[in-house]
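This briefing sets out selected features of one protein structure, grouped by topic. Please read it beside the sequence and the coordinates.

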Amino acid sequence: VIAALAGLVLWALNKLYASKPGWSKYEGSIISAIKFAEQKIPDTVESKGLKRLDAALKYVTQVYEEASGRRASNKVVADLKEGIQLTHNKLEAEGALKK
């Protein structure tokens with residue numbers, strides 16, 4: 001059952017990546033932000049997942065704003081947040097986030 005669910009998640013991620021969402025051009029920054037947040041926020045912290053997501057989102061939003069020269073809209077922030085969550089799941093499934 002777990003293998004089937006993992007396969008389904010990977011299939012869905014591959015479909016999403018194939019459609020090239022708006023956040024895909026920031027994927028390198030998203031990966032860096034995720035790895036930074038994983039190291040910065042310890043496992044012992046309460047609500048570590050939300051804190052890591054927040055730290056990664058702040059990092060990627062800053063990169064976006066520096067690259068585009070404008071403030072990120074709510075839609076862009078939501079898009080980047082989705083990209084962070086999907087990329088995190090992909091990295092975790094690949095075992096790339098082991099400390």
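Arginine 52 is buried, because its relative accessible area is 9% (buried means under 20% relative accessible area, exposed over 50%, and partly exposed in between, with a 1.4 Å probe and protein chains only). The model is predicted, so that local features need pLDDT of at least 70 and side-chain atom pairs count only at pLDDT 80 or more, whereas totals for chains, interfaces and linings use all residues. Residues are numbered from 1 along each chain as its sequence is written, and side-chain values use heavy atoms, with hydrogens and water left out.

**Arginine 52 and its polar partners**

- Arginine 52 belongs to helix 3, which spans residues 48–68; helices here are DSSP runs of H or I with at least four residues, numbered from the N terminus.
- The side chains of arginine 52 and aspartate 43 are joined by a polar contact of 2.5 Å (a pair of N or O atoms within 3.5 Å; within protein, one must be able to donate a hydrogen and the other to accept it, and residues adjacent in sequence count only if both atoms are side-chain atoms).
- A polar contact of 3.2 Å links the side chain of arginine 52 to that of glutamate 38.
- Glutamate 38 lies in helix 2 and is buried, with a relative accessible area of 11%.
- Between glutamate 38 and alanine 4 there are 34 residues of sequence separation and 27 Å in space, C-alpha to C-alpha.

**The largest pocket**

- The largest pocket holds about 190 Å³ of space. On a 1 Å grid over the protein atoms alone, a pocket is an open set of points where a 1.4 Å probe fits, with protein on both sides within 12 Å along at least five of seven lines; lining residues have an atom within 4 Å of a point. Grid points are joined across faces, edges and corners, and the volume is the space filled by probe spheres set on the points.
- Its lining includes Glu38, Arg52, Ile84 and His88.
- Helix 2 (27–40), helix 3 and helix 4 (74–94) each contribute at least two lining residues.
- Five lining residues are nonpolar, four polar and two charged; Ala, Val, Leu, Ile, Met, Phe, Trp, Tyr, Cys and Pro count as nonpolar, Asp, Glu, Lys and Arg as charged, and the others, Gly among them, as polar.

**The nonpolar core**

- In the largest nonpolar core there are 19 residues, and Ile30, Ile34, Val60, Leu80 and Ile84 have the most contacts inside it (such a core is a set of buried Ala, Val, Leu, Ile, Met, Phe, Trp, Tyr and Cys residues joined through side-chain atoms within 4.5 Å).
- Helix 2, helix 3 and helix 4 are the elements giving two or more residues to this core, and helix 3 provides the largest share, six residues.
- Apart from neighbours within four places in sequence, valine 60 is in contact (heavy atoms within 4.5 Å) with Ser29, Ile30, Ala33, Leu80 and Ile84.

**Partly exposed positions**

- Glutamate 27, in helix 2, is partly exposed at 21% relative accessibility; its C-alpha is 8.4 Å from that of isoleucine 84, at a sequence separation of 57 residues.
- Glycine 22 sits in the loop between helix 1 (2–18) and helix 2 and is partly exposed, with a relative accessible area of 45%.
- Serine 47, in the loop between helix 2 and helix 3, is partly exposed at 41% relative accessibility.
- Phi of serine 47 is near 55°, a positive value in a residue other than glycine. Most residues other than glycine have a negative phi.
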